[in-house]
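Please look at the sequence and the structure first.

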Amino acid sequence: MGAGGGVTRSTLRQQIADALRDEVLAGRMRPRVEFTVKQIAEQYGVSATPVREALFDLSAQGLLESDQHRGFRVREFTVADYRSMVEARALVIDGVFRGIFDGTGSAPAVPAAHLPALVSVRRRAEEATRAALSGDLDILIGYDLRFWRELGAVIGNTYINDFLQRLRMQAWIFAVPYLRGDADVRDWLWNGHRELVEAITAADGPAVRAVLDAYHAHGTDWADRLAADNPPHPGHG
């Protein structure tokens, strides 16, 4: 990733941040492993300044932690943190959809002018659903994040969408190390993307709520399983 060819520092900063975010989400950069600006700059063959800016951007998103004396490391989340993410996500998403549908579910899911945007969302939903059903974690993460981001852009506001996207990235960072070692991984990958888009397109409020209830329960059930399989050690949360 060279800095030549007219690439601005701002663009380079974003490219590095995107590349590192992908590494973190894929689980190739692990918690507790510290790294420095110099190491990342040498890895990508760029100067320290855009790397430092990219690392601080990821820290601001809650993906990295920094120590001015020791460098950076991927933020480590607990099962309790994950459960709180699921609860916060559920509260916000439920609030968004309550504002869209009335009690009978007869209100349009999205304004008619926005319906064409659901074509792209539906494509993401199809890919995410297939990846989840096949247990392809690497493919699923990207499509899942894009699915929710694009769906949020259609039906929500920017501030809520940004908040939810940050929660989802943090949840994936927590989940990936557990999922990679799970022989039953397909049982713990939510695959209701296609079903949710179909319910929204049909303006079926009760169906939308049913899919979202299953989505929230799926996350809570997995947190319960992890808590049972990984009890906290003395002195840890």
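## Basis

The model is predicted: local features need pLDDT of at least 70, side-chain atom pairs count only at pLDDT 80 or more, and totals for chains, interfaces and linings use all residues. Residues are numbered from 1 along each chain as its sequence is written, and side-chain values use heavy atoms, with hydrogens and water left out.

Helices (H or I, at least four residues) and strands (E, at least two) are DSSP runs, numbered from the N terminus. Buried means under 20% relative accessible area, exposed over 50%, and partly exposed in between, with a 1.4 Å probe and protein chains only.

## Nonpolar cores

A nonpolar core is a set of buried Ala, Val, Leu, Ile, Met, Phe, Trp, Tyr and Cys residues joined through side-chain atoms within 4.5 Å. The largest one has 49 residues, and those with the most contacts inside it are Leu20, Val51, Leu55, Leu64, Trp172, Leu179 and Leu189. Helix 7 gives the largest share of this core, nine residues. A second, separate core has 22 residues, including Phe147, Val154, Val208 and Val211.

Leaving aside neighbours within four places in sequence, Leu189 is in contact (heavy atoms within 4.5 Å) with Ala132, Gly135, Leu137, Leu140, Trp172, Leu179 and His218.

## Second largest pocket

A pocket is found on a 1 Å grid over the protein atoms alone, as an open set of points where a 1.4 Å probe fits, with protein on both sides within 12 Å along at least five of seven lines; lining residues have an atom within 4 Å of a point. The second largest pocket holds about 430 Å³ of space. It has 18 lining residues, of which Arg21, Asp22, Leu25, Gly142 and Leu145 are the closest to its centre.

Helix 1 (9-25), helix 6 (137-155) and helix 7 (158-180) each give two or more residues to the lining, and helix 6 gives the largest share, six residues. By class, the lining has five nonpolar, four polar and nine charged residues.

## Single residues

Threonine 129 is found in helix 5 (residues 117-134) and is buried, with a relative accessible area of 2%. Beyond its neighbours within four places in sequence, threonine 129 is in contact with Asn191, His193 and Arg194.

Most residues other than glycine have a negative phi. Arginine 32 has a positive phi of about 75°; this residue lies in the loop between helix 1 and helix 2 (37-44) and is exposed, at 66%. Alanine 203 has a positive phi of about 55°, sits in the loop between helix 8 (193-201) and helix 9 (205-229), and counts as buried at 19% relative accessibility.

How values were computed. Points joined across faces, edges and corners; volume = space filled by probe spheres on them. Nonpolar A, V, L, I, M, F, W, Y, C, P; charged D, E, K, R; others polar.
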